[in-house]
Amino acid sequence: MTEEVCDVLVIGGGPAGATAAALLAAGGVSVIVAEQKLFPRQKVCGEFLSPGAFPVLSRLGVLDEVFSTAGPDISQLRVYPSVGLTMKTAMPPDRMGRFARGVGRHHLDTILLERARKLGAQIFSPCHVRKVVGNAGDGFVVYTDQYGSINSKLVIFANGLPPMPAGPTGTSSGAPPRRSSQSLIGFKTYFTNCRMDEHCIGLYGSRGIYGGLLRSGDALGQGRYNFAFVAKRSLLESLAGADGLLARLRQFNNPLDRALAHAQRVDRWYAWGPLMPGVRRLYDDGRFYAGNAAGEVQPLVGEGMTLAIRSGALIADTICLGLRGNLSHREIEQRYEVLWREEFSQRHFWGNWFAWMLMEPIAGLAASVIGQIPQVAGWAVGASGKRPAGARGANLPANSRPW
């Protein structure tokens, strides 16, 4: 077995990890990415990429490549509660007039990880991390199944799992979270021949379930629509799988039933869970957390990919700035927490509120009436994070902004 050495080890090569690795490598930091899967690979995801991610993708030099794999502009949002009125509002473009797009994770993740490789990051894939031992003062030893041990000064967890606290010896592992009947399970598949405006994203709810439908990037010339939904585990156990859950959602949500009336499913169901939306730990004595490992936003708001990319950029820029300024690990941690909470905390709060609204018919009815007021609908779009990119960070030096 070999022994590798780096400044920063990134565990996870998805959007958060690949973005962090690419920007760390571009900043002269020695970085290794340990990714468990071979790319390209599918992930359960709504595949909605909002304009908030565009500045980071431009900075990485991959925005045009990402757009080449994407679906058409998404300029309209329609929300269909199971009981109540349809809520319609425009989706804001960024300052250059660019709208959100639907982008397949198998495309996006591969593009970002390859960019990290070209910028100088070492990519170990497939690479399963068994154990992380150490602390910021002494450094870390990371034990893997395929690549032996890796010595690093800092570790970024971007593997999408809730952080496991280190024990008395500084040891942690990626054990799966505990399940409960109230936890959420996510599903994804692709359809063709959907009766839906391809410039629109639709959100659909019924008791205990909500889902989203949008035109995503194509495969083999197909006009593919991504359909992803989230359900409470208790419903999954009673309805026997994704098809049963979809049938329930269609039964109580007529607009979705009409949209899928003549659709054909062209891929299998992908599943992931349990989902546990909310803010998690951001750092722990030289361990940093990015993407879903730091905080999982409700899929309903459609900001998961964007938050992962921006989160990866934020931690990379914070570490680079800290290393250039000879800051202690504690100072780097404190700066990261302040910037992260400023950027992301409100999206988590409102994401949970919006999801509750769609999964509870009475709340959805009340919200659908209030949502007919244009100012209210516009506020809701802004609260979910869909504002023009670049609205924050004006007080940071240009070379240290995380977007």
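A salt bridge here is a side-chain nitrogen of Lys or Arg within 4 Å of a carboxyl oxygen of Asp or Glu. Keep that cut-off in mind for this tour of a predicted model. The structure holds 17 such salt bridges. Side chains of opposite charge can pair when their charged atoms come close.

**Stop 1: helix H4.** Select aspartate 109 and arginine 105. Their side chains meet in a salt bridge, 2.9 Å from N to O. Both residues sit in helix H4, which spans residues 105-118. They are four residues apart, so about one helical turn separates them.

**Stop 2: a loop and a strand.** Now select aspartate 145 and arginine 130. This salt bridge has its closest N and O atoms 2.6 Å apart. The pair links distant parts of the chain, 15 residues apart. Aspartate 145 lies in the loop between strand S9 (139-144) and strand S10 (149-157). Arginine 130 belongs to strand S8, residues 129-135. Aspartate 145 is partly exposed, at 36% relative accessible area. Arginine 130 is also partly exposed, at 44%.

**Stop 3: aspartate 284 and arginine 281.** Select both side chains. They form a salt bridge with an N to O distance of 3.3 Å. Aspartate 284 has a relative accessible area of 22%, which counts as partly exposed. Arginine 281 is partly exposed as well, at 32%.

**Last stop: a network.** Which residues do salt bridges with shared partners join into one network? Select Arg41, Arg105 and Asp109 together: these are the residues joined.

Technical notes: Residues are numbered from 1 along each chain as its sequence is written. This is a predicted model: local features need pLDDT of at least 70, side-chain atom pairs count only at pLDDT 80 or more; totals for chains, interfaces and linings use all residues. Side-chain values use heavy atoms; hydrogens and water are left out. Helices (H or I, at least four residues) and strands (E, at least two) are DSSP runs, numbered from the N terminus. Buried means under 20% relative accessible area, exposed over 50%, partly exposed in between (1.4 Å probe, protein chains only).
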